[in-house]
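Here are my notes on this model. Please check them against the coordinates as you read.

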Amino acid sequence: MNDDVPVSSRRRLRHTAVAVLGAVSLLALAACGSADPTPPATSSPAAFKPVAQQQGSEITVWADATRVPGVQAYQKAHPNVKIKIVTYSGDANGANDLQAKVQLFDRTGSGWPDVAFSANVNDGTWASQGKTPYAAPVNRDIIPKTTLDGFSDGALDPCVFNGNTYCLRNDLAQNVLWYNKSLMDKFGYKVPTTWEEYQALGEKVAEEHPGYLVGTAGDAWTPEVYFWASQCTASTTTGARKVTVNLQDPKCTRMAKLLDTLIAKGSVSKDTVFSAGFIKNQASKVLMLPGPSWFGQVLFNSTFKIPKGQIAAASPLKFEGDAKNYTGNVGGGLWFVSSHSKNLKAAADLVTWMTTSDAYQGTAGTYPAYKKAAVTWLANQKKTGYFAEDVSPVFKESAELIWPGWSATQYSQEAIYSSTVVPALNSGKTLTDTLDTWQTAITNKAKSLGYTVN
Amino acid sequence: MRRKRRPSSLAARLAWLIVMGLSVLFFCVPVVWLLLAPTKTDGQIVRDNPFSFGSLGAVADAWHHLYAFQDGAIITWLLNSALYTFGALAITLVTSIPAGYALALTRFIGRRMLLTITMLVMLMPTAAMVLPLYLGMNAVHLDGTIWSVILPFSFFPFGVYLTYIYFSSNVPSDLLAAARIDGCSEWQVFRLIAMPLAKPVIALVGFFNFVGNWNNFFLPFVMLPDSSQYPAQVGLNNLLAASPLFNTSSGAGNQIMRPELALATLVTIVPVLIVFLFSQRALVSGMLAGATKE
Amino acid sequence: MTTHLATERSGRRGGRSARNPVGRAGYVFVSGYVLLLLAFGVLPTCYAVWLALSNSRNQLVGLGNFTRTFTDYRFGPAFLHIGLYLVVWLASLMILVVLLSLMLHGRMRRTSTTLRFLFYLPGALAGVASVLLFLILLDPAASPVGWLLKSFGWNTLAQVNAPGHLPVLFTVIAFWTGAGGWIVVMYGALNSIPDEILEAARIDGASTLQIALRIQIPMITKWIAYMLILAFAAGTQLFVEPQLVSLASWGMIPDSWSPNQLSYQYAFQAGDFNGAAALSVDLLILGLACAALVVFRTGLFDRDEG
C-alpha cells in the first residue's frame, strides 16, 4: 500500500541526520560566551536608589487569603491611600509563586507589586539578591529604626543580609514543648526540662503506656524543631552565599541518636501530624510534642479536636551539658516593600501597620513578631480559655531563645528533609544512618543555587 | 444500527463482565468518595468510613464557608473560566477544523512542512514556552488582558491533528471529487460536504480544547496580574493555599477544610461533565452518520 | 477491505487534479491556524531554542547549557525516573486503552455510553482540583482504597510514597485521569470502521479476537500512532502528577523528580532560564525522536489510508 514510504523516508531520515549532526558540531564550535549563569551580584549597602517617587500614587499589594482581610482593614482606616489588593497563594506550603513572578517582571521591567506578603520565611534570600534586588532595604530611610527595634530579638534575622534589613517579619513560630496536661497528670509524669529527661520519659512511656507519643519525626519541619534546638550546624551561613553544613557535628548526632532511640521504642512516630492516618489514630495519644507556637490552636484545637483545658506549653528543652536552652522556629511570614515602588511612603506605612498594629496583629492567627503586638495577642489567647495553663510566659521566653546559628537559605530545609530523610526512615533506616545522605542532599541543593558549601 | 455482538461463550461474557467491573471500580471509587466528602464534617472525613454519608446540612455548611471565602470569589472564578474557555473554544473551532480539513483533503505546497512543524511545536514542553509567551505578550502590550490567556488557549495543534486524522481516514476524497466535478466551489465543498460529516470530530476537538483550558493552571497564573481575573484553577490553588491543611501560617479559625475543598472541586468540574455529555451525544450520533457514508 | 482499497487506488490513478486540487483554497483554510501557530508555537519555540543556546548576557554559548545541565546531580536521576515511568505508562496505556475500547465497541449503545462516561469522569478532575483527593486517597488510614494499600503492606502515607513506588504510582494517577479521554477517541475511531467489513469477516468465520487483531487494530493504526506520540511526549514532560502528590504528602516527592520539574527549578528557583530551556530542548529532542520513529513506521503524515 505504501511501499514507497519507507525508502523515501529513510533517505529523508539520513538527510535530516546529516543536517542535525552538522548543526550540532557547528554549535559546539560557535560558543563565544561562558555558559555559567550570571553569578548573583550581591547588593552592596550603598546600591539602593529609589525610583522617582510619585506621591499619592496607587500601590499594589500581594497577600494570601489569610492576610487580605488585614489589608482591607488598613484600607478602611486609611481611605485616602489608593490600594490595589491581589490575592495569591502567599508562597504557602513550599510554593515559589512570588519568586517565579518576580523573575518574569525582572525580564520585562515592570509589574512588581509594591508590597508583598510571603508565608515562606526563606524568601528574603532571593529577594535581597540580584542586580536590582526585588526587596527594598527598609532600614535605609524607609522604616524608622525604632520600629525595627520593636521586633523580638532575632525575629528579623531571616531578613538581614549584608547588614541591611530587607523585610519585616509578620509572625514567629518559635518552638515550645507542647504537652497534654490531663494525660501527664493521669499517668503521674513530670514535664521534662532537659532533652535527657525527655528521652528517659519517652522510654518510660513506651513501656508503661505503649502507643502514646512524645514526638514525631516524619514532619517536614523536624529539622527546625529538633535539630535547630540541638544547635546542629545544618544551615549556618558564614557570609554572602556561603553556608556550613556539618551533620556529623556532635550537636547533630546527639539529636539523631535521641530520636533513633525513641523511634525504636515507639514513642516517637515516623508519621506527620497532619496526615489523615495520624489524626485518626494517634492524635488523642499525643502526650508531648515539641513544636511551633501555632500548634496550639491550628493543630491541637482545630485539627486534633482535643477538648478545652487539656493542652499546655512548657519551655524549650535544653541539653544537660549546655549552658542555656535554645529553640528553633518553623516558618513565619515576611512582608516586603518593593525596591521598584513609586510610593515607598505608602508601602512602608502599610507594611508597618500590618506587622506592628494591635488592631491587626493582636487578633491574628499566629504569634506576632512585634513585641508590643504580641502582648495584646497573648492576652487574647488567654481569653479563649483553650489552654490548660496560660501560655504567655513560655511563648515570650521562647521567642527570645531562637538559636541564631541556623540561617534562612534559598532552598528549603523542609523540602530536603521530607523528600530525603522521611522516605529513608520509613524504609527502616535510622536517622544516624541517614545523616550522610541528608548532608549530601543539602550540599548538592545549596551548590546548585550558587552557594559555596564548607 | 449497531447490533449487539454475542460473545461466543459464557467464559467470554464473564471475562467481559469482570474486566468492565474492575475498570468501573478503578475509575469510579475515588469519584464516589469525592461526591460523599462534602456531606461530612472535616472530622468525619478523616475518622469515619470513607463511604459513609453525612448529612445534606453539612453540604450547606460547606457551601456557606466556601462562598464566604473572599466574598463569593468562587463565582467570579467560574465566570472567568467560562469566559476564557468559551472564548478560546470559538477561535479554536474556527481555525483548527478548516486547517485539519485542508491538511487532509486538499493539496498545497508546504502541507507536509506544516504537519511537521505542528508536531514539533506540540512536543515542546509547555514549561519552556511560558517565558517566551510572557515576553511576547508584554511586547505587544497584551499582558494583563484577557487576550493574553484566550489567544494562547486558542492555539490547539492537538485539535488540528485530530481533525486531520479524522478527515484523512474517514472521509473518502472521491466524495469531494464528485462534488467538485458538480461545480461546487472549495468553500461549498467544505461547508456542504465536509462539515456535516465532521460533527464527531468537532465534538472531540471542542471537548478536549475546553477541558484542557478549563484545567490549565500555569498560563493564567503567569499572565494575569489581578486576582479578580483568576480562573477556577488559579482560584482553587489560592483556596488550597489558604487552608490550614496546607498553610500552617494561616492560623486557626479558617473555615476552608477538607469538605469545603471537596465541594469546590466538585463545583469546578460540573461544567466539564456537562460539556462531556453534550459532546458525547454529538460523537455518537455523528459516528452513526459517518458509518452510513458509503 | 480489498475492494475498498481497489477503489482508492483507481481513484488515485484517475482524477488526481479533481480530488486534490493544488490551489489557494488550502492556504485559506489553514491561514487562521497558521497565524496562531506562528505566534504561539513557532516564535516561542524558536525563542526557547535561542535561550538554550545562549547565556543571560545574550551571548551564544553553543552547547554549554546542555553540558552544564547534563552534569547536574539531578539530571541522571530525573531522566532515569522518567525512563522507568515511560515504560510502565506507555505499556499500560497502549494495551489497556485499546483493549477497553475494543471491548466497549459493538456493545449496546447505552451500556457503552454510560461506561465511557464513567471512565472519563476522573479526566475532569485533572489539575489542582485533585490534590485533596490524593491527600486522602494515598493515606491508607483514611483512604477509600485503604484495604488495597494495606494488602500491599503499606500502612502509612510515607510507605505508599516510597521512592520505588513512584513510577507506578504516577502511572496509576495519569492513567486514571487520562485514559478515559483516549478511550473516547479510540472508540470514535473504531466506530468509523464500516460495519460491512466487520460483518463480512464475521460471516467468513473470523473470531472476535481475529477481527480485533486483523481488522480493527490495523484500521485504527493512525490513531494509535497519534496516541503513542502524544503519550510519549506527555510522559517525558511529566510535571503535574509529582507536583500534586508532593503537595498532598507534604513534600515527600523530590522537587526535581522529573526533568520537567528540574527545568522549572532552574527557571524559577535559580532564575536560570537558559539552563531550563536546555532541559526542555532535551525533552523536545526525545519527543521528536519518538515521533519520527512512529511517523515513519505508520505513515501518519501520508494522506491516503496507510
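1. Asn175(A) has Pro292(A) as its bridge partner in E12(A). E7(A) and strand E12 (residues 288-292) of chain A run antiparallel and are joined by five bridges. Strands here are DSSP E runs of at least two residues, helices are H or I runs of at least four, and both are numbered from the N terminus. Two strands pair if DSSP finds at least two bridges between them.

2. A note on the basis: this is a predicted model, in which local features need pLDDT of at least 70 and side-chain atom pairs count only at pLDDT 80 or more, while totals for chains, interfaces and linings use all residues. Residues are numbered from 1 along each chain as its sequence is written, and chains are lettered from A and ligands numbered from 1 in the order in which they are written.

3. E7(A) also pairs with strand E13 (residues 311-314) of chain A, antiparallel, over four bridges. There, Ile311(A) in E13(A) stands opposite Asn180(A).

4. How many of the six residues of strand E7 (residues 175-180) of chain A are buried? Six of the six are. Buried means 20 or more other C-beta atoms within 10 Å of the residue's own, with C-beta atoms placed from the backbone. Side chains in a regular strand alternate between the two faces of the sheet. Here Asn175(A), Leu177(A) and Tyr179(A) point one way, and Val176(A), Trp178(A) and Asn180(A) the other way.

5. Next, the chain contacts. Chain B gives 28 residues and chain A 32 residues to their contact. Contact means C-beta atoms, placed from the backbone, within 7 Å. Helices H2 (42-47), H6 (126-139) and H13 (232-242) of chain B each give two or more residues to the side that touches chain A. That side of chain B has 13 nonpolar, 13 polar and two charged residues. Nonpolar covers Ala, Val, Leu, Ile, Met, Phe, Trp, Tyr, Cys and Pro; charged covers Asp, Glu, Lys and Arg; the others, Gly among them, are polar.

6. Between chains C and B, 88 residues of chain C are in contact with 95 residues of chain B. Helix H3 (residues 24-53) of chain C supplies the largest share of the chain C side, 17 residues. By class, that side has 56 nonpolar, 24 polar and eight charged residues.

7. Chain B is divided into domain 1 (10-61) and domain 2 (70-291); the bounds come from an automatic or database domain assignment. Their centres, taken over C-alpha atoms, are 30 Å apart. Nine residues of domain 1 and seven residues of domain 2 make the contact. Helix H1 (10-36) and H2 of chain B each supply at least two residues of the domain 1 side.

Terms used: Contact = placed C-beta atoms within 7 Å. Buried ≥ 20, exposed ≤ 12 C-beta atoms within 10 Å, placed from the backbone.
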